Amino acid sequence: MSLKIPDEVDSIIKKFEQSGFEAFVVGGCVRDIIMGKTPEDWDITTNATPDKIKEIFECTLDTGSKYGTVTVKYKGKYYEATTYRVEDDYINHRFPGRVDFTSSIRYDLKRRDFTVNAIAYNRRRGIIDPFNGAGDIQKKTIMAVGCPDERFSEDALRILRAIRFSAQLDFEIEKYTKEAIKKNGVLIINISKERIQAELSKILVSKNPGKILDLFDLGLFIYIFPDMNDISIESIRDIFKQLKYFNEKAQFRWASFFAVLLCFNRSMGLDTFQKCLSRLKLPGITFRFIMDVLKSVFVEIKYDPYRIRKLVCTIGLNVFKCILEIRYAFLKSGLPVVKDDEKAFLDFACSILLQAENGYFPKSINDLEISGSDLIKDGIKEGREIGSILNHLFEAVVKNPELNEKEKLLSLAKQMKRKG
Ligand code: ATP
Ligand code: MG
């Protein structure tokens, strides 16, 4: 069976072969082409050692030659070429203490995590698939290569990778692989929080973010978030299933994930959440967004346009949007935090959100139809007074958006000046 690989990739493989070596595309890219997707990058595996790879190609970067990886620059693009290797003596269930090069593609495939990721291909030799990864792709199954118990015990990150691939590919985790995850779950405590965060992020932004429920179903949650109460899975199943309808941005997905946790840990206080979040080493902007959402997610919404406009101005449009999404999701799944008439209040808040998006009212002083220089031209002295007048004008316009016209604002400014 032949697979479609780009001509440049085929040329790289041929270059290896002309120098007396073998080379294959391997891992995620082969899985993706079998599934009919276009891979983002092409990884190459070869029996050439890093030194040989550097000799064969004019332009290479030493990305990790100790572990066998050299980046090859070919026709303007970068490819990772890795020498066939076997790994051993895993330290702290995290990384191999020993990496040995091997001359057999089959040994190299054997050290890979899941059958669907352990397929190699080149045009001359076709598909090399000793663990029937292609069959598992057909069956939409994530199955460990070899003994799952050993594989998760060697490297506990694979536990989260299994859930991540099942979310990204919409595959189910095979029964024995799942059991081994449950058995080895505690080993996650050896994995760095950054790597945990990276995998959880990928699950949350995938097409099946609801797979984050596996953290609870497979008993992993308490090892990742030891400060939180263990939550009864049945109470959150419905709400997490709705995550896929949320805005796809990572910050929205993370914020909703934590809002659900907050809902079940209301007594815990935001500072514990803050600690928990900072340990995950999320990008600063995501961290702040989540905290802003958590601070206001349970805010009381009333039929009071001014108060809602004020809230939008204080917390920002995106945070407000995210909060409404979360509250609608809570409503749909009938969580106990939902009050009577919540739907009507949310619909009302949504109408204000639309007004905010259409620019009906200013979200900050910069959106006023007047600026500091207009006030100066009109005879108000430069300095602190300008700032104070602009603040008052802004407040007045949030109360009554109809006032946001230059003439009206100038006359209002004059009145304010007179009043001092
Ligand atoms: P993606 O599309 O997310 O890049 P991928 O399958 O290419 O998916 P990578 O993390 O880029 O995943 O890893 C490339 C390949 O290296 C995998 O397909 C797998 O064969 C192997 N691999 C990566 N991490 C591990 C691991 N922790 N244990 C065993 N094999 C691994
Ligand atoms: Mg990859």
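Let's start with Asp113: one of its polar backbone atoms is 3.1 Å from a nitrogen atom of ligand 1, and by polar contact I mean a pair of N or O atoms within 3.5 Å. The model is a predicted one, where local features need pLDDT of at least 70 and side-chain atom pairs count only at pLDDT 80 or more, while totals for chains, interfaces and linings use all residues. Side-chain values use heavy atoms, without hydrogens or water, residues are numbered from 1 along each chain as its sequence is written, and chains are lettered from A and ligands numbered from 1 in the order written.

Arg158 has a side-chain N or O atom 2.8 Å from a nitrogen atom of ligand 1, and a polar side-chain atom of Arg112 sits 3.1 Å from an oxygen atom of the ligand. Taken alone, ligand 1 exposes 590 Å², and the protein buries 74% of that (Shrake-Rupley areas, 1.4 Å probe).

Now, who else is around? The shell, meaning residues with a heavy atom within 4 Å, includes Gly27, Arg31, Asn117, Asp155 and Phe165. By class, the shell has eight charged, three polar and one nonpolar residue; Gly counts as polar, Arg and Asp as charged, and Phe as nonpolar.

Which helix gives the most to this shell? That is H7, with four residues. Helices H2 (28–34) and H7 (157–169) each supply at least two, helices being DSSP runs (H or I) of at least four residues.

And the bigger picture? Domain 1 (1–134) and domain 2 (140–224) both give residues to the shell, so ligand 1 lies between them. Those bounds come from an automatic or database assignment.

Notes: Polar contact = N/O pair within 3.5 Å; in protein donor to acceptor, adjacent residues only side chain to side chain.
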